[in-house]
Amino acid sequence: MGSEMCIRDRIIIIQILFSFLFAAFEHSPSSPANIATGLLSTNIQTHSMGIYTDPASVNKFVDRHIGISSGQRFGLSLLNHGSAAWAQRFGMHYFGVVASFLGDKSYNETIYSLMAGKRFTDRMDVGIGLAYYGLSIDEYGSAYTFGLNLGWNIYLDETLQWNGSLRNVNSPKIGVSKDPLPQIFSSSLVYQPMDNTVFAIEIEQDTVYESRLKFGTNIRVLDWMNIFLGHASSPEQTTGGFEILYKQFNINYAVTTHTYLGLSHWIGTGIRIP
């Protein structure tokens, strides 16, 4: 009886959190660099961890790139998360794989996604991702579904990009109650006026909830260090972080605030293998 009450209490806590967050599978695998730069969907630093939310960015990986990340949402152990990703070119095509989990034994969300991309012209990349979503709740059972993600990167000139993505365009639903997964459209402009400075602004629209405006900057302050700053609206979240570079390795850290909840932390590392 005590165990059932504990599980029920944890599920109630998660449901309360999701009333602030949006819905199940609101958490997506992402690069700490993207998180620190205003919770962007666009893969601003071209890390393999960023290809899930920006499928077209898989076309930027000429060399093999492997990344991992982990963290905790709002200082709560029941919202621990971890991800791993790989991206690489094969001939004229580009491929990537992402695996992600959120939660603990009582409540767990799992995402596996396969991405493929193609460069149609020197100024246009497109990408597609097939995602498996698995949900498991202790004593209640498990369910799964599949989602389809699309993305594009268009190079308007030498300094300006227009990037966009459509998440879960097939309107996936999960469980006996057929709960819909988030469907999200994002569109961003990425401006790089200098080699050491990048600015980005993004609009994100969910089919149910109000739009979010996101913006951030990435500044190379030293040859081996980047600083990230950003902000997102609805709810208001300020973000920041840094990246340490050493040869083919990078280490990233991100922190985000929340209007009602505690701090969230991400840490990740990646390696480029020529």
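Strands are DSSP runs of E at least two residues long, and helices are runs of H or I of at least four, numbered from the N terminus. The model on screen is predicted: local features need pLDDT of at least 70, side-chain atom pairs count only at pLDDT 80 or more, and totals for chains, interfaces and linings use all residues. Residues are numbered from 1 along each chain as its sequence is written, and side-chain values use heavy atoms, without hydrogens and water.

**Stop 1: a cavity**

Select β1 (64–72), β15 (249–256) and β16 (264–273). Each supplies at least two residues to the lining of the second largest cavity. A cavity is a set of points on a 1 Å grid, over the protein atoms alone, where a 1.4 Å probe fits but cannot get out; lining residues have an atom within 4 Å of a point. Now pick H47, M49, N250, N252 and T269, which lie nearest the centre among 13 lining residues. The lining holds 3 nonpolar, 10 polar and no charged residues. Here Ala, Val, Leu, Ile, Met, Phe, Trp, Tyr, Cys and Pro count as nonpolar, Asp, Glu, Lys and Arg as charged, and the others, Gly among them, as polar.

**Stop 2: a pocket**

A pocket is an open set of points with protein on both sides within 12 Å along at least five of seven lines. Select I44, Q45, T46, H47 and R220. Of 30 lining residues, these are the closest to the centre of the second largest pocket. Its lining has 7 nonpolar, 15 polar and 8 charged residues.

**Stop 3: a tryptophan**

Finish at W162, in strand β7 (residues 160–167). W162 counts as partly exposed because its relative accessibility is 33%, between the limits for buried (under 20%) and exposed (over 50%), with a 1.4 Å probe and protein chains only.
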